[in-house]
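Take a walk through the chain below. We start with the overall picture, then turn to the strands.

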Amino acid sequence: MLHLKDTVHLDVKHSTQRLSHLLPTMKLLTLSLLLCAVLSLASAHCFFMHVEPDATHCLDSADGSWHAVGSSWISNCMNCTCFSCCSTYSIPQIFPEDCESVFNTTACEYVVRRKDDSSVLCPVTAAVGK
């Protein structure tokens with residue numbers, strides 16, 4: 001004779017078995033959502049480089065200079081270490097339509113100015129990076 005207690009136990013066991021094959025998918029989905037959340041919080045454009053574990057120096061691929069592991073430098077408007085480089089500037093996203101953004105390579109920054117009068121600066125209400 002099957003009691004109500006046994007039925008509940010069987011239902012829980014059966015439900016757990018049915019869901020167990022979804023566990024890897026659920027873990028991957030959770031990891032993907034976490035990664036998306038972290039990346040959306042990132043404040044700059046970055047790229048990463050591989051450095052051998054026993055390396056004492058690394059090569060800056062932009063200018064060919066060598067740098068000690070643990071040091072930092074600026075190269076092509078990027079803050080760099082041997083492991084990564086990230087942009088030093090923000091990229092304007094929202095500004096008036098009669099304005100344009102122009103990158104100043106000397107100052108490593110975007111300037112938003114009027115299209116018809118480059119001496120007049122424009123307000124920027126949103127930017128990405130830095």
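Of the 130 residues of the protein chain, 16% are buried, that is, under 20% relative accessible area with a 1.4 Å probe, protein chains only. The model is predicted: local features need pLDDT of at least 70, side-chain atom pairs count only at pLDDT 80 or more, and totals for chains, interfaces and linings use all residues. Numbering runs from 1 along each chain as its sequence is written, and side-chain values use heavy atoms, with hydrogens and water left out.

The accessible surface is about 10,000 Å², computed by the Shrake-Rupley method with a 1.4 Å probe. Carbon and sulfur atoms hold 62% of that surface.

Now the secondary structure. The protein chain has two helices and 10 strands. These are DSSP runs, numbered from the N terminus: helices are H or I with at least four residues, strands are E with at least two. Along the sequence, the pattern reads α-α-β-β-β-β-β-β-β-β-β-β.

Four strands build an open, antiparallel sheet in the order β1-β6-β5-β4. Strands pair if DSSP finds at least two bridges between them. Cys80 stands opposite Cys85 in β6.

Next comes a hairpin. Strands β8 (residues 99-104) and β9 (residues 109-114) run antiparallel, joined by six bridges. Phe103 has Tyr110 in β9 as its bridge partner. Four residues separate the two strands of the hairpin. In the turn, Cys108 has a positive phi of about 55°.

Terms used: Buried means under 20% relative accessible area, exposed over 50%, partly exposed in between (1.4 Å probe, protein chains only).
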